[in-house]
Amino acid sequence: MLIKKPADIRPSEITSQDNYLSRRKFMRAAALAGSSLVAGEVFSAAIPDKKRAKLSGVVSSEYSTDEARNSYDDITTYNNYYEFGVRKEDPYLNSQGFNPQPWSIEVSGEAEITGRFALEDFVNPYTLEERIYRLRCVEAWSMVIPWVGISLADVIKRFKPLSSAKYVVFETLLDKERMPGQRSRSLRWPYVEGLTIAEATNPLPILAVGVYGEVLPNQNGAPLRLIVPWKYGFKSIKGIVRMHFSDSRPATSWEIAAPHEYGFYANVNPEVDHPRWSQARERRIGSEQGSGLQSLFSATKQDTKIFNGYGEQVAHLYDGLDLRKNF
Ligand code: MTE
């Protein structure tokens with residue numbers, strides 16, 4: 001999906017780290033001053049300075065697939081995260097020094113409750129769930145990934161969106177120093193994605209904080225990223241710093257880069273080809289190994305499923321919508 005286009009870089013909307021840090025220091029001090037652990041502390045306790053830390057209190061989900069999962073190595077070394085480079089290995093190679101702590105999320109727009117929330121306060125009210133989902137990239141490859149996350153629908157409920165809130169818009173951190181890919185004009189930064197309110201409050205989308213029961217690695221979007229399993233992977237925005245309730249449809253990063261190639265809806269659909277390649281089949285990453293001679297004859301390709309196989313849960317969202325026009 002690599003496209004070179006000039007981009008207007010928008011100024012950061014992130015408030016100063018100093019303000020944020022002093023608030024965190026205050027909160028830690030308050031916590032140490034004798035309060036007892038609340039249920040949600042599970043998550044903050046599990047965010048360590050060292051990598052590959054186990055998350056605790058994770059429950060399983062009825063929405064998980066029992067398909068064979070991709071290996072931890074597949075999931076963490078074959079990535080798209082243009083903020084760290086455009087080759088599949090770049091996010092793994094270039095994000096090791098990125099420190100996703102402290103982190104905060106700004107909630108803004110058409111909602112009763114808005115403000116800036118430390119990651120821990122944002123995540124802690126919810127139960128961590130393992131959701132084993134298929135991920136289908138618009139580039140016609142796929143994986144099965146055991147995410148750990150919280151229900152986006154539950155998060156949205158907490159902020160009490162107004163009836164004028166028709167869309168939920170997400171933004172990735174804008175920081176050219178820490179995200180070297182943002183020095184290039186491969187996309188307009190920060191990365192922006194969005195869902196309709198109906199999509200965002202469907203039970204399937206999650207905000208992921210982990211994979212394979214461990215804290216999310218940087219290359220997969222630490223510390224917080226969206227997962228929308230029936231849409232092409234580019235909707236599943238990484239490194240989220242802002243959630244905005246909007247009355248109008250946002251211009252999203254890939255739509256801005258190539259509107260005839262990447263639509264707002266981006267529902268997985270075998271019948272609507274990308275202008276430069278077919279979407280009828282997909283390559284399951286990792287399936288090349290161990291399948292011997294067969295792999296030489298592209299037997300590792302499988303049929304793409306409408307809505308990536310999640311039609312039962314989401315097809316009703318698009319009743320009466322022309323999926324060809326609204327691709
Ligand atoms: N989010 C940001 N901020 N930047 C990106 O470049 N790439 C998207 C999506 N989220 C991307 C992003 C694309 S194209 C895909 S396929 C998925 O992340 C890949 O997620 P994964 O690397 O965890 O498999």
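A salt bridge is a side-chain nitrogen of Lys or Arg within 4 Å of a carboxyl oxygen of Asp or Glu. Keep that rule at hand for the exercises below.

This is a predicted model, in which local features need pLDDT of at least 70 and side-chain atom pairs count only at pLDDT 80 or more, while totals for chains, interfaces and linings use all residues. Residues are numbered from 1 along each chain as its sequence is written, and side-chain values use heavy atoms, with hydrogens and water left out.

**Exercise 1. Describe the salt bridge between E261 and R276.**

Step 1: Check the distance. The closest N and O atoms of E261 and R276 are 2.7 Å apart.

Step 2: E261 and R276 both lie in the loop between α8 (253-257) and β12 (281-284), so the pair ties together parts that are 15 residues apart in sequence. Helices (H or I, at least four residues) and strands (E, at least two) are DSSP runs, numbered from the N terminus.

Step 3: Judge the exposure. Buried means under 20% relative accessible area, exposed over 50%, and partly exposed in between (1.4 Å probe, protein chains only). E261, at 13%, counts as buried, whereas R276, at 47%, is partly exposed.

Step 4: Look for a network. Salt bridges that share partners join E67, R134, R136, E282 and R284 into one network.

**Exercise 2. Work out how K157 and D154 are placed in helix α6.**

Step 1: The side chains of K157 and D154 meet in a salt bridge, with 3.8 Å from N to O.

Step 2: These two are three residues apart in helix α6 (residues 152-159), which means that about one helical turn separates them.

Step 3: K157 is exposed at 60% relative accessibility, while D154 is partly exposed at 33%.

**Exercise 3. Find which side chains make polar contacts with the ligand, using pairs of N or O atoms within 3.5 Å.**

Step 1: Start with nitrogen. The side chain of E83 has an N or O atom 2.8 Å from a nitrogen atom of the ligand.

Step 2: Turn to oxygen. In K238, a side-chain N or O atom is 2.7 Å from an oxygen atom of the ligand, and a polar side-chain atom of N220 lies 3.0 Å from a ligand oxygen.

Step 3: Consider the cover. On its own the ligand has 530 Å² of accessible area (Shrake-Rupley method, 1.4 Å probe), and the protein covers 100% of this area.

Notes: A polar contact is a pair of N or O atoms within 3.5 Å; within protein, one must be able to donate a hydrogen and the other to accept it, and residues adjacent in sequence count only if both atoms are side-chain atoms.
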